[in-house]
Amino acid sequence: MSHTLPTDIRLHKKSRTLELVYGDINYELTAEYLRVHSPSAEVRGHGIGNGVLQTGKQLVGIKGVQPAGNYALKIIFDDGHDSGLFTWEYLLDLCQNHDQHWQTYLQKLQDAGASRNDGMIARG
C-alpha cells in the first residue's frame with residue numbers, strides 16, 4: 001500500500017492546485033478537477049448510475065486538506081463542499097489517469113448541455 005502514498009503534498013492556493021509528489025514524479029491537480037471527481041455521495045450518488053454531474057466549478061478553490069486516518073485525504077473546497085474522502089489509491093488514479101478522467105467529464109458536460117462556468121466569466 002505504501003506505493004500509493006504520496007511522499008509530499010503541497011497546496012497551492014493562488015493557482016488553485018494540489019500537488020502530489022510520488023518519489024521523483026509530481027502531479028498537479030486543479031481544484032476544479034478534484035471537486036468534480038469528489039468521491040462524495042453528493043457527486044457519485046447513493047448507488048450506481050445516481051451520480052450528479054457537477055457544473056460551474058471552474059473557479060472553485062481549495063481552502064485546506066486534512067489527513068483522514070492513514071488511508072485518505074479530506075479536501076475542503078471554498079464552495080462549502082467538504083464531504084467525501086479521497087483515498088490514496090483514488091488520488092493516485094486521478095493523477096495517473098488525469099487526461100482520461102478529464103475528457104470523460106468534459107464529454108458529460110457537453111452531452112448535458114452544461115458548462116464548467118455556468119455562464120460566469122472566468123478571470124485569469
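What follows is a working chat about the structure above.

Biologist: Before we start, what kind of model is this, and how are residues numbered?

Modeller: It is a predicted model: local features need pLDDT of at least 70, side-chain atom pairs count only at pLDDT 80 or more, and totals for chains, interfaces and linings use all residues. Residues are numbered from 1 along each chain as its sequence is written, and side-chain values use heavy atoms, with hydrogens and water left out.

Biologist: Good. Which strand does β1 pair with, and over how many bridges?

Modeller: β1 pairs with β2, antiparallel, over five bridges. Two strands count as paired if DSSP finds at least two bridges between them. Helices (H or I, at least four residues) and strands (E, at least two) are DSSP runs, numbered from the N terminus.

Biologist: How many residues of β2 are buried?

Modeller: Six of the six, so β2 is largely enclosed by the rest of the structure. Buried means under 20% relative accessible area, exposed over 50%, and partly exposed in between (1.4 Å probe, protein chains only).

Biologist: Which ones point which way?

Modeller: Thr17, Glu19 and Val21 point one way from β2. Leu18, Leu20 and Tyr22 point the other way.

Biologist: Moving on. What about β4 and β5?

Modeller: They pair in the antiparallel sense over six bridges. Pro67 stands opposite Leu73 in β5. Three residues lie between the strands of this hairpin, and Gly69 in the turn has a positive phi of about 65°.

Biologist: Now helix α4. What should its length be?

Modeller: At 1.5 Å a residue, the 15 residues of α4 (98-112) should span 21 Å. The end C-alpha atoms are 21 Å apart, which agrees. The expected span is 1.5 Å times one less than the number of residues.

Biologist: Which residues in α4 are buried?

Modeller: Trp102, Tyr105 and Leu109 are buried. They cover an arc of only 60° around the axis, which puts them on the same side of α4. The arc is taken from the directions from the helix axis to the C-beta atoms.

Biologist: What do they pack against?

Modeller: The buried residues of α4 pack against α1. The face turned away from the buried side carries the exposed residues Asp99, Gln100, Gln110 and Asp111. Just after the helix, Gly113 takes a positive phi of about 65°.

Biologist: Which residues touch the most other members of the largest nonpolar core?

Modeller: Leu34, Ile75, Phe86 and Leu91, out of 23 residues. A nonpolar core is a set of buried Ala, Val, Leu, Ile, Met, Phe, Trp, Tyr and Cys residues joined through side-chain atoms within 4.5 Å.

Biologist: Which elements give two or more residues to it?

Modeller: β2 (17-22), α1, β5 (72-77), α3 (88-96) and α4. α3 gives the most, with six residues.

Biologist: What does Phe86 touch?

Modeller: Not counting residues up to four places away in sequence, the list includes Leu34, Ser38, Ile75 and Leu91. Contact means heavy atoms within 4.5 Å.

Biologist: Ser38, then. Buried or exposed?

Modeller: Buried, with a relative accessible area of 1%. Ser38 is in the loop between α1 (31-36) and α2 (41-44).

Biologist: Which side chain does the Ser38 side chain make a polar contact with?

Modeller: That of His81, at 2.9 Å. A polar contact is a pair of N or O atoms within 3.5 Å; within protein, one must be able to donate a hydrogen and the other to accept it, and residues adjacent in sequence count only if both atoms are side-chain atoms.

Biologist: Last one. Is His3 buried or exposed?

Modeller: Exposed, with a relative accessible area of 62%. His3 sits in the segment before β1 (8-12). Leaving aside neighbours within four places in sequence, His3 is in contact with Tyr22 and Leu92. The C-alpha atoms of His3 and Leu92 are separated by 9.5 Å, with the two residues 89 apart along the chain.
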